[in-house]
Amino acid sequence: MAKIQDIRNQTAASKTKRNINQIKKIARHHSASASGDYFSFWNYWKSKGWTKGGYHEIILRDGTIQLCYDPIYPTNGIANHNTDIYNICLVGNGSFTEAQERAFEERCLLAMQSFGLGVEDVLGHNEFSGTATSCPGINMDSVRKRLKALVVPNKVAGVSSIDEKIMWGKTELKPGQKGKITILKRINLWQDGPNGKLQMVRVLNPDEEYRVYGYRDLHGGQYDVGGGYWITKMPEHIKYETPSKAMLAKLNEI
């Protein structure tokens, strides 16, 4: 699991909000610099008159992820597209470390799950209309090829290759799925950290839905939502449901 550096309470506040359902694409960027992080980039953004940062997440050279903004806040990633994109930036100028690529894959797959997107919805900065840039400094076809190889039907990572889909609310019912969670109030998404301690990944927002693959009694009870991520059993914050027998029978027919 990639190391998370949560700096959301230290970044310049965004004055605008959006509904999670408005997010239609994930945009990959590079910093076009050999080093840096949110705080060094902010000095540049501020000099341009920006009131908020450019990216939701920044992946440092060692693979550490700076979590900068919740997805409900648009960032200044790509002009005329920011309302419906989630921006992830890798520090570098056309050359990235193995740790960065593994971290990007992990975070991109999580974002795909969170926003109900597929591999085809992951684009480089220069693939958006109206742009003229070398960013993200990598062939996005190769990036998408790697992501496709990581998408498997029995995980929440993304969309399987099965043509016939069984939709359950906003999400597709998948083989191995035990149930789903709908977020009622903001709640943390967790992953296991060193020494058995939980590490917070990000805050989940109302109306988001997540597939559930298991349950454990640790930490007050937690649901396994795939990819090594967990949601704590808090009935006032989440609604847990199981699929009907008819849905499961239909799934077995595919």
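Me: Which ring does Arg-28 lie over, and at what distance from the ring centre?
Reply: This is a predicted model, so keep that in mind throughout. A charge sits over a ring if CZ of Arg is within 6 Å of the ring centre and within 35 degrees of the ring normal. Arg-28 lies over the face of Phe-96, at 5.1 Å.

Me: And which ring has Arg-216 over its face?
Reply: Here the distance from Arg-216 to the ring centre is 3.7 Å. The ring belongs to Trp-230.

Me: Are the rings of Tyr-38 and Trp-42 stacked or edge-to-face?
Reply: By the ring-centre rule there are 9 aromatic pairs. For Tyr-38 and Trp-42 the centres are 6.2 Å apart and the planes meet at 10°. Planes under 30 degrees apart count as stacked, so this pair is stacked.

Me: Is Trp-42 buried or exposed?
Reply: Buried means under 20% relative accessible area. Trp-42 has 16% relative accessibility, so Trp-42 counts as buried.

Me: What about Trp-45 and Tyr-55: stacked or edge-to-face?
Reply: Trp-45 sits in helix α1 and Tyr-55 in the loop between α1 and β3, 10 residues apart. Their ring centres are 5.5 Å apart, with the planes at 70°. Over 60 degrees counts as edge-to-face, so the pair is edge-to-face.

Me: At what angle do α2 and α3 pack?
Reply: Residues of α2, including Phe-104 and Leu-109, meet residues of α3, among them Val-143 and Leu-147. By class, that contact has 6 nonpolar, no polar and 4 charged residues. The crossing is right-handed. The axes are 11 Å apart, and the angle is about 65°.

Conventions. Residues are numbered from 1 along each chain as its sequence is written. This is a predicted model: local features need pLDDT of at least 70, side-chain atom pairs count only at pLDDT 80 or more; totals for chains, interfaces and linings use all residues. Side-chain values use heavy atoms; hydrogens and water are left out. Axes are lines fitted to C-alpha atoms, for helices over the stretch in contact, and angles run from 0 to 180 degrees between N-to-C directions. Helices (H or I, at least four residues) and strands (E, at least two) are DSSP runs, numbered from the N terminus. A crossing is left-handed if the near helix is turned anticlockwise from the far one by less than a right angle, and right-handed if clockwise. Contact means heavy atoms within 4.5 Å. Ala, Val, Leu, Ile, Met, Phe, Trp, Tyr, Cys and Pro count as nonpolar, Asp, Glu, Lys and Arg as charged, and the others, Gly among them, as polar. Rings of Phe, Tyr and Trp (its six-membered ring) pair if their centres lie within 6.5 Å; planes under 30 degrees apart count as stacked, over 60 as edge-to-face and the rest as tilted. Buried means under 20% relative accessible area, exposed over 50%, partly exposed in between (1.4 Å probe, protein chains only).
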